[in-house]
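Take a first look at the structure below. A short report follows it.

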Amino acid sequence: MDLVSIITPCYNSERFIQETYQSIFNQTYKNWEWIIVDDCSKDSSVKIINCFNDDRVKLFIQDSNQGAAVARNKALDIAKGKYITFIDSDDLWLPNFLEVTINYLESNNENLVYTSYKRVDENLNFALNDFIAIDKINRNRILYNCPIPMLTSVYNASEIGVVKFPDIELREDHAMWIDLLERTKYARAIKESLAIYRMRENSVSRNKWNIAIKQYNVYKKYLKMNIIQSSYYTFFWALNGLKKYGKF
């Protein structure tokens, strides 16, 4: 059973971090390390994490608040697992998430897989229908939008290497998946919902106009596309976002 490195940035998550840990602790796949990088939380997050009493949990505290991308990259520098996966400090996995995804990668000789997931509000009440994973996402397809979530993705770092998050404000996850899909042909999909994503009202990702500007910059500044190309892909990113959240 190969080691899995679980990456989590943490900031003011005292309300949820215990539940997140419990969902990891309950995994049927037991060989994991959970690397948490706390980004200078002002609440009791660190105190709660220090009470987990689990040698597999490794907590690191930033000297200053630098954002989720920097925290994830620090965790990736430390990670020792053959497989890399991510969970935010307010989300949950179903007990068989790691077992199902890793078995899929090994049985099918694939490098990247992700699953469908449930969408709930902060109190775990139904918010939207499950997001259903789309199979065979390649680099060209992911330019139109990013269906691959941090929460349900697992990749084989021993085959494709550890992929860092670039310095792209708020859209570093999309840029990272674009880079990763230059190293492997596809992201494969498991249709079963194996995780629970909290849709929080105060999330920075809920400000869609601000995110649209940042998304345009992924194409224009990071990928060096011209204005027409950048506008074209941003339009389809917005359209697919409306579909994702049932508004179109």
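## A predicted model

This structure is a predicted model. Residue numbers run from 1 along the chain as its sequence is written.

## Arg72 in helix 3

Start with helix 3, which spans residues 68-78 and contains Arg72. Arg72 has a relative accessible area of 6%. Buried means under 20%, so Arg72 counts as buried.

Several residues from elsewhere in the sequence touch Arg72. Leaving aside residues up to four places away, they are Ile7, Pro9, Phe86, Asp88, Met150, Phe165 and Glu172.

Glu172 leads on to helix 7, which covers residues 172-180. This helix is mostly covered, with eight of its nine residues buried.

Beyond residues up to four places away in sequence, Trp177 touches Phe86, Leu112, Ile142, Cys146, Ile148, Pro149, Met150 and Ser153. Phe86 and Met150 touch Arg72 too.

## Helix 4

Helix 4 has 12 residues, 97-108. From first C-alpha to last, helix 4 reaches 17 Å, close to the expected 16 Å.

Which residues of helix 4 are buried? They are Phe97, Leu98, Thr101, Ile102, Tyr104 and Leu105. Seen down the axis of helix 4, these buried residues fall within an arc of 150°, so they line one face of the helix. Asn109 follows helix 4, and its phi is positive, near 55°.

Definitions and conventions. Predicted model: local features only at pLDDT ≥ 70, side-chain atom pairs only at ≥ 80, totals over all residues. Heavy atoms only, no water. Helix = DSSP H or I, 4+ residues; strand = E, 2+ residues; numbered from the N terminus. Buried < 20%, exposed > 50% of the residue type's maximum accessible area, 1.4 Å probe, protein only. Contact = heavy atoms within 4.5 Å. Expected span 1.5 Å × (residues − 1). Arc of directions from axis to C-beta.
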